Amino acid sequence: MRIVVARCVVDYAGRLSSHLPEAVRVIMVKADGSVLVHADGGSYKPLNWMSPPCTVTVEGEGSAQRWRVENKAGETLTIELIEIWHDSEHDLGIDPGLVKDGVEAHLQVLLAERIETLGQGWTLVRREYPTAIGPVDIMCRDADGRSVAVEIKRRGEIDGVEQLTRYLELLNRDPVLAPVRGIFAAQEIKPQARTLATDRGIDCVVLDYDAMRGIDDPDSRLF
């Protein structure tokens, strides 16, 4: 990973355009080829980024450099470095990945094995679908072949909806996948989380853990 702290100006050109005026920011270039621009605020969400695969072309030397980052769709992220305060590279090695809560991890495995729980004719693309900001629990396709990203929680709260929203913003930049819709799945979904998800066009699905494990038949219940 390369980490650069610099006073810079950033412009994105693609389906939309955006401009970040001159300021000091952190630029991260990861081993997977992704480039992320962070400010000293806004939690962990980058101000702008480019997902892999992409190419980085550098013009100039020293503190005055221009980085042109371009992905396979022709979108570009231009970073004008005005003053570099820090520039270092680090080999982080292979990350073992996030160790999820036991029930949450089991829900992911079960839903992947029984993807038809979400609808007839649905197909699994893969579990832990990689993105520049973390893996999506499940990527799948609905009966019409459209991409669907699924975020799974044991207890569905607002933070989980926000997490899925960030994934969708990134995934919908990929012309091969777009349009991608989202499903927020959990054993229990809080009312505030359901309201936020609905407002953002995200579907909510309540998962029955015991029924998915085959130890409880919902059709045989008296109530």
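Predicted model: local features only at pLDDT ≥ 70, side-chain atom pairs only at ≥ 80, totals over all residues.
1. Start with β1 and β2. Strand β1 covers residues 2–13 and strand β2 covers residues 17–29. The two pair in the antiparallel sense, with 11 bridges between them. A hairpin of 3 residues connects β1 to β2. To find the pairing in the structure, look at Ala6, whose bridge partner in β2 is Arg25. Another pair to look for is Arg7 with Val24 of β2.

2. Strand β1 also pairs with β7, the strand of residues 76–89. These two strands run antiparallel and are joined by 12 bridges. Within this pairing, Val10 has Ile79 of β7 as its bridge partner. When following side chains along strands like these, keep one rule in mind: in a regular strand they alternate between the two faces of the sheet.

3. Strand β2 has a pairing with β3 as well, again antiparallel, and here there are 4 bridges. Strand β3 spans residues 35–38. Ile27 faces Val37 of β3 across this pairing. The hairpin of β2 and β3 has 5 residues between the strands. Which residue of this hairpin takes a positive phi? It is Gly33, with a phi near 100°.

4. A further sheet is built from 5 strands in the order β8-β9-β10-β11-β12. The sheet is open and its pairing is mixed. Its edge strands are β8, residues 123–129, and β12, residues 203–206, and each of them pairs on one side only. On average, neighbouring strands of this sheet are turned by 30° against each other, with direction ignored.

5. Now turn to the empty space. Rolling a probe the size of a water molecule over the atoms shows where such space is left. How much space lies in the largest pocket? The value is about 990 Å³. Its lining has 32 residues, and Lys30, Asp95, Thr131, Gly134 and Pro135 are the ones that lie nearest the centre.

6. Several elements contribute to the lining of the largest pocket. Strand β3, strand β10 and helix α2 (158–171) each supply at least two residues. Helix α2 gives the most, with 3 residues. By class, the lining divides into 13 nonpolar, 7 polar and 12 charged residues.

7. The second largest pocket has a volume of about 360 Å³. It is lined by 21 residues. Nearest its centre lie Ser51, Pro52, Pro53, Pro130 and Asp174. The lining of this pocket has 12 nonpolar, 4 polar and 5 charged residues.

How values were computed. Residues numbered from 1 in each chain as written. Heavy atoms only, no water. Pairing = 2+ DSSP bridges. Axes fitted to C-alpha atoms, helices over the stretch in contact; angles between N-to-C directions. 1 Å grid on protein atoms, 1.4 Å probe; cavity = no way out; pocket = protein on both sides within 12 Å on 5 of 7 lines; lining within 4 Å. Points joined across faces, edges and corners; volume = space filled by probe spheres on them. Nonpolar A, V, L, I, M, F, W, Y, C, P; charged D, E, K, R; others polar.
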